Amino acid sequence: MAKQDDQFKKVISHAKEYGYIFQSSEIYDGLSAVYDYAQNGVELKKNIRDYWWKAMVQMNENIVGIDAAILMHPTTWKASGHVDAFNDPLIDNKDSKKRYRADVLVEEYCAKIEAKIEKEVTKAAKRFGEAFNEKEFLATNGRVVGYQEKIDSILSRLARSLENEDLDDVKALIEELEIADPISGSKNWTDVKQFNLMFGTKLGASADTAMDLYLRPETAQGIFVNFLNVQKTGRMKIPFGIAQTGKAFRNEIVARQFIFRQREFEQMEMQFFVKPGTQKEWYEQWKESRLKWHLSLGMGAENYRFHDHEKLAHYADAAADIEFKFPFGFKELEGIHSRTDFDLSQHEKYSGKKLQYFDHESKESYVPYVVETSIGLDRMFLAVFSNSLVDETLEDGSERTVLRLPAVLAPTKAAVLPLVKKDGLPEIAREIIDDLKFDFNVIYDEKDAVGRRYRRQDAAGTPFCITVDHQTLEDQTVTIRHRDTMEQQRVKIEDVRGIINKEVDMRAWLMKM
Ligand code: GAP
């Protein structure tokens, strides 16, 4: 656990030091759980968004994109159920006066038991060596089975109590497990209460006539209310999808873990409209397809797992999360939900407008069913960034910190470095930049010894360094150094673009899907 905490702290400080993420309004001591993307962060975020958009919209003939407004008619949120049911159970500690999500306190208790399981697995793997079978060990080791049973029983009681709105039982569970305030250690808790997560705002200048609005807590509703507009104007035939990326806002009670849970964040969502009765097939297909997208980035298949929901929201007939191994353990990265016709039917009911599809083949009208894929862009950023940050001991015993970002996502693709600041080398470096900048983000760096400059670019995540030296003056060749292997090649200047392109071109990465 301490090792995980240290790694996470390193991720946060590295993100600041290398211009990826800053605390919002830092000079005023910051705003809790709100972050700014810095010069490198904004590029990485954009590249992730583009990678998603291309895979979703450009590569699927039957998926189109929209960009709906953040502010929507307030009835939207009544219809969607957010006004009545978009709540988190909160609990206050009477001594520390700190507020927590009751379900998160219980889940964190279970995560501690899960850490014990992981410790047992590591110990056993060491003891048994090559012969170790993790699956069998998890299923048969008495202590581990006991831990797992405890986790299952706690989580299923929590899910039952939340579903039945039995908040007294959630409090009873916290007390029975003797969960203490993580900060003060006090077990003096208030009752559990529901808290709506939507941020309210007002539309209009005069206090009497202003309309109460909400900042959207998910982008999906902008898609649902536009379903028929898009279907008609795009002459879309079912099955088809509408994709969107954009900001969402939630007044999270427990907004910790850096950009994992924020109050202002960005989602990348796609609603896939299907014929009723076919949703199960599409749900399975989208689960598979989304996992392939993740795996195409090469961040290790062992770092992903599905968590199929047993308890379903009243409008869903199937739901699963793709979980990723963040520095603090496996957590939800993306959700795939089979949402039935709930949302469209609700909007029909509240708007009085028909939101139906006429099927020319079967000559029938119906409200389509929806399979949704929903991923947090910031969470994906954290997954990519934390997975890429490694400390390495090199063959000569020296250490380096390297940000092994998938090259396709790296903010800067190459740094061009004149070996010295004289003899015409800076001018050639500038010429190379002037050529490459039409295709890639490239930077110039002439400060410090070249070895230090390499290290700086390794830590910033730049996949290539191009060094201009005195030989360049003679034969128009440069050294190109690869971030991950540190291998250096002597190549002609005219070949540099092709070499970089081969590794960063989105096409090659997407073809792995
Ligand atoms: N339309 C479905 C929907 O919004 P969700 O599970 O509430 O479902 C989808 O959110 C995804 O949005 C999550 O898997 C997560 O990646 C991201 N997300 C949700 N709340 C977030 C928050 N407070 N901060 C950052 N990302 C968040």
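Here is a short tour of this predicted model, stop by stop.

Before you click: residues count from 1 along each chain as its sequence is written, and side-chain values use heavy atoms, with hydrogens and water left out. Because the model is predicted, local features need pLDDT of at least 70 and side-chain atom pairs count only at pLDDT 80 or more, while totals for chains, interfaces and linings use all residues.

**Stop 1: the domains.** Colour domain 1 (1-72 + 197-391), domain 2 (87-193) and domain 3 (412-510) separately; the bounds come from an automatic or database domain assignment. Now show domains 1 and 3 together. Their centres, taken over C-alpha atoms, are 36 Å apart. Domain 1 puts 13 residues into the contact and domain 3 puts in nine residues, where contact means heavy atoms within 4.5 Å.

**Stop 2: the second largest pocket.** Select Asn47, Val408, Lys413, Asp439 and Met506, the lining residues nearest its centre, out of 16. A pocket here is an open set of points on a 1 Å grid over the protein atoms alone, where a 1.4 Å probe fits, with protein on both sides within 12 Å along at least five of seven lines; lining residues have an atom within 4 Å of a point. The space comes to about 300 Å³, as filled by probe spheres set on the points, which are joined across faces, edges and corners.

Helix α2 gives the most, with five residues. Helices (H or I, at least four residues) and strands (E, at least two) are DSSP runs, numbered from the N terminus. Domain 1 and domain 3 each supply at least three lining residues. By type, the lining has six nonpolar, three polar and seven charged residues; Ala, Val, Leu, Ile, Met, Phe, Trp, Tyr, Cys and Pro count as nonpolar, Asp, Glu, Lys and Arg as charged, and the others, Gly among them, as polar.

**Stop 3: a helix pair.** Select Ala102, Leu105 and Val106 in α5, then Val170, Leu173 and Ile174 in α8, which they meet. That contact has six nonpolar residues, no polar and no charged.

Stop 4: Most residues other than glycine have a negative phi, and most peptide bonds are trans. Zoom to Ile238 and Pro239: a cis peptide bond joins them, with omega about 5°. Pro239 sits in the loop between α10 (227-233) and β9 (240-249). Then jump to Asp448, in the loop between β20 (442-444) and α15 (450-460). Its phi is positive, near 75°.
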